[in-house]
Every structure is written in structure tokens, then in C-alpha cells.
Amino acid sequence: MGYKLVKGFKMTLDPTRKANKARGLLAINDREKNAPRLIAYYLQQIYTTAVQQISKSGFRESDIRWCVTVPAMWDNYQKQVMRKAAQKAGIPSDQLMLVAEPEAAAYYARTAGVRRSDSSSVSPGHSELRVPGTRFVVADCGGGTVDLSSYIVEADGELSEISGAAGISTGSFYLNEEFRREVLIPKLGGDEEYDRLSTECPHAIEDIIDAWEQAKLDVPLDPQRSILLPISHALYTHLSPDVIAKLEAEQDGDCDNITVAPAKIRRLFDAVVEPLLELVDQQLLKLDVKKDGSPLLLLVGGFANSPHLQDRLTAHLQGRATVLLTPNPGAAVLIGAVHYAYDPHTRRRFSKYTYGVKMSMPFDETLDNGRRKVTSWDGSEVCTERLSILAHAGEIIGTFDTIDIPCAPLQADQDGLRFILYRASAKEPRYASDPGCKIIGCIELDLKAALHLEMPKRGAVLSCRFGDTEISATATLDVNGSTCATAVKFQARPSTRRGRSAEATANLKVSR
């Protein structure tokens, strides 16, 4: 049974990504179809090892709180997949927390301290990022994503998110892929020759990638010297005479190294850094510069260790924002997640979309004329196409705020309720079919425990939370306050589909 190396497979969870046909990292070209399973295996190894180590100190598994970080750019479906993978790995769901990676990094910076990118001294964490009223942007520049989120320090020192998270698929992995595509493949004879070498001596190819991985961390803002990456003996013996001759001709007789000239280095970095700079500009525009003065930008993530990125970002934002660095940018998310799990103190979060559920609501002859109308069990007329708004786009929602919706079955034989969950960019869509409204999943309630009751007593209250890292919902029966089994299920791609599953919401009635 053979093995294969898979890198960065977490990124394949994004269902909207377009396949990249370039060779190399499976995270980049989307050839890996088993990302959830691989993530579960990966987390299972971490879980098993951690439990073994922690148990030696006398703690039980039930004493452990687990925190898994996710990119801020991920949607609800991707977070749900990650949670399910963690559960499959053995992590109990009620002991598991998810946190956005920029948010976790902010927790680390507020504890470990920061330094300005043009200074070598680290100031205590409370000096800047704990001052009430301070607004700052976190730029988490990792391997496959760059995530940006903005926060304000509240009067009591707690954090609130003040603008929607933004992110793009770029970072250190993509820089490696640029190197592979623009330098390594051409120098080793083109696509077919590279494929042959990757099959015959894969470790030797990875050695060159690893050497580039280390060398790129020392690239300055304006590189003046070439990077020399040694060709191992194992790889050299597999090179064709034509490739060796080509290397000698292009590299002044040097066929023992892969040479990357300064101009090529700059182009490789430009391909990855320029989209990042554009994203930072867009995020800064969301802040009130007149009110904030010169905003702060906290640079974290593995790619943040690059002096080229640090200097490039500092120069790009000169006079507009101050770039801050943590003592260990690459570990900021990891360590920050520990602080978050121990003491989460994010008070509010920004809602990027309007969220609502399709419901049957009292029919308005003026506003609902021409819409579908049905008669409820009690003789009242309801419109089955209404959208009950649960959260508004641009709203800053408390972490523990709940939206309560009294609801009841429309027909006597119903043993459950199914809410179709929508999102929209508009703030007040009236109907689920309004332009821009898209289905993102559903919320299901089990009412079997109430079937023995009279119809007027089968009501329930659906409680939803939109201010946490994940959207969640619970429900209780009106008659005795007992909890109903409730499930929130997100679909891979938002859609405008209509049909049986969406029409099931005609069996709902809401009162406010």
C-alpha cells in the first residue's frame, strides 16, 4: 500500500473555489476530495496525543475544553464541516469551541504585547490593544488564506467586532506554488519532465521546495541577490542531459543549483502580496478614519514572519496606518486560541448578511396581494412566502443575544417544523423570493413529544444566536418548557432553489 503527501487540504472545504490545474499542492489545485476525512484523521491524532499527555497530570477527558480555529472568511457550512470532523475525531461537541483565526490572534497580542514594524522593542499588551476606544484591524496571513477582521476595545476592555470579516485565498502556500510553476517546473524541463521527476524522486523535489520555504523568509523588501537552492545528488542523477545543459546555459554554467534571480523573486512575491494589499485597503475603508485617526493593523500568521511582507505592508500604509507585530506571529493564532478558550471576552460581532427564515405569517391584503395564501387550522389566512428577519446586515450583535420566535404547526398531523434559513445583503427583504435572498440551510424542530396535546398547546419558541462564531438554535415547548430536539443544517452552496423542501415552510405559523 502506497502513501502520498497531502498539504493544506483544509482549503478544499471551500465549495466555491475554482480548480487550479497547476501541479503540486493539493490545497491549491483541489484534487483532494476527502478533506473532511483527512481533517478528522489529523484532529484524531492531536486529540489522542493531547489526552494522553494531559491525563498524566491527573486531569480527566471531561476536564478538557477544546478550541479549533477557522478562517474568518469561512461560511457557516465550512464551520459546520469542521465541527463534524472534530466530533468524528473524538472531541465531544459540548466541550468544543470554534473561533475565527484573526480573533484568536488578537487575544494573543493583547496578552503577549506588540511592537511597531519599524521598532524592535515589544510594548506590554495593555499599552495599545487594551486601551478603551482603540480600533484595530487584524491581518492573519497564513499558508492558504489571508483573513482580515476589525475590532474595537470596549470601555471594560472587552472586544467587539465592528466590520465584516474579509478574506482571500492567498498566502505562503500560494507563494510556493508560484515558485513551483514559474521557476522549478521550467528549470527542470517543463511539465512532462517535472511529472517524471516527481514520480521517480519525489523527496528530492520536496527538498527543493523546503529550501525555498526557508529562503523566502529572508527575502528583503528589494532583493538584490539571487537565491541558490541546491540540487541533491538524488535529483541530479535523474536529470536528462538536455535539462543539465539548459541549466548550465541559463545559470552561467551552474547546474548544481536552482537559481532564482532578484527580478524573478520580486515577481513571485508581487503575485501574492499585491492582492493582499488591496484587501487591506478595502478593510481600512470600512473604518471611520476621521474618528479613529491613524488606525492600527496587527500582522500575524506564518507568512507574517516574512520581512518582505512586513516592509512592503509598512511602506504601503505609511501615513495611513501603523503596522504592529507580535513576538511570535506564526504562533499567534494557536496561543490566542488557548486564551480564548480559557476566557472568551468578545462582546459583540458584526453580521455580514441579513438572516431570516421562510414562514407563514398573517396575510396582508394590501402588501401580500398576489402572493400564495392558505388557511390555517384555526381559519386564519396566512401568506406562505414571508421572510421573518432574525438578524440584519451591518448589525453588531451581542455574543449571547438570542432571537426568540414563537411558532406552531399549521396542521394537526405535523410532528415537526422545518424552517428554511435564508441570507440576503438587503436589510429588510419581505419575501423569501426577493432578489438576493438565498437559501443557506434549514432549522429542524422535533415536535413528536407534543402530538398528544391539543393544537393550541403545540406551540414552541425557537431561539437563535447570530452573535457567536457559529449560528446556533434551540427550541422549547410552550406547554412545559421542555427542550425540543433542534438541528441547524447548512448546505454547501447558497441557492435560490424552490421546491418541496422550501415549500415545507408553508406549514409554519409565527406570532411576534
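**Exercise 1. Find which residues lie nearest the centre of the largest pocket, and which elements line it.**

Solution. Start at the centre: Lys-10, Tyr-42, Thr-69, Glu-101 and Leu-334 lie nearest, out of 39 lining residues. A pocket here is an open set of points on a 1 Å grid over the protein atoms alone, where a 1.4 Å probe fits, with protein on both sides within 12 Å along at least five of seven lines; lining residues have an atom within 4 Å of a point. The model is predicted: local features need pLDDT of at least 70, side-chain atom pairs count only at pLDDT 80 or more, and totals for chains, interfaces and linings use all residues. Residues are numbered from 1 along each chain as its sequence is written, and side-chain values use heavy atoms, with hydrogens and water left out.

Next, the elements. Helix H2 (35-55), strand S1 (66-70), helix H5 (172-187) and helix H13 (332-342) each supply at least two lining residues. Helices (H or I, at least four residues) and strands (E, at least two) are DSSP runs, numbered from the N terminus. H2 has the largest share, seven residues.

Finish with the space: about 1,400 Å³. This volume is what probe spheres set on the points fill, with points joined across faces, edges and corners.

**Exercise 2. Find the residues closest to the centre of the second largest pocket, and the element that gives the most to its lining.**

Solution. This pocket holds about 920 Å³. Its lining counts 40 residues, and Ala-72, Met-73, Trp-74, Asp-75 and Lys-352 are closest to the centre. Helix H3 (76-88), strand S5 (146-153), strand S6 (159-168) and strand S11 (346-350) give two or more residues each. S6 gives the most, six.

**Exercise 3. Decide whether Lys-216 is buried or exposed, and list its contacts.**

Solution. Locate Lys-216 first: the loop between helix H7 (202-215) and strand S7 (227-230). Its relative accessibility is 1%, so Lys-216 counts as buried. Buried means under 20% relative accessible area, exposed over 50%, partly exposed in between (1.4 Å probe, protein chains only).

Now the contacts (heavy atoms within 4.5 Å). Leaving aside neighbours within four places in sequence, Lys-216 touches Ser-172, Leu-175, Asn-176, Phe-269 and Ser-306.

**Exercise 4. Which residues touch the most other members of the largest nonpolar core?**

Solution. Phe-179 and Leu-299 do, in a core of 57 residues. Such a core joins buried Ala, Val, Leu, Ile, Met, Phe, Trp, Tyr and Cys residues through side-chain atoms within 4.5 Å. Helix H10 (residues 262-285) gives the most to this core, 10 residues.
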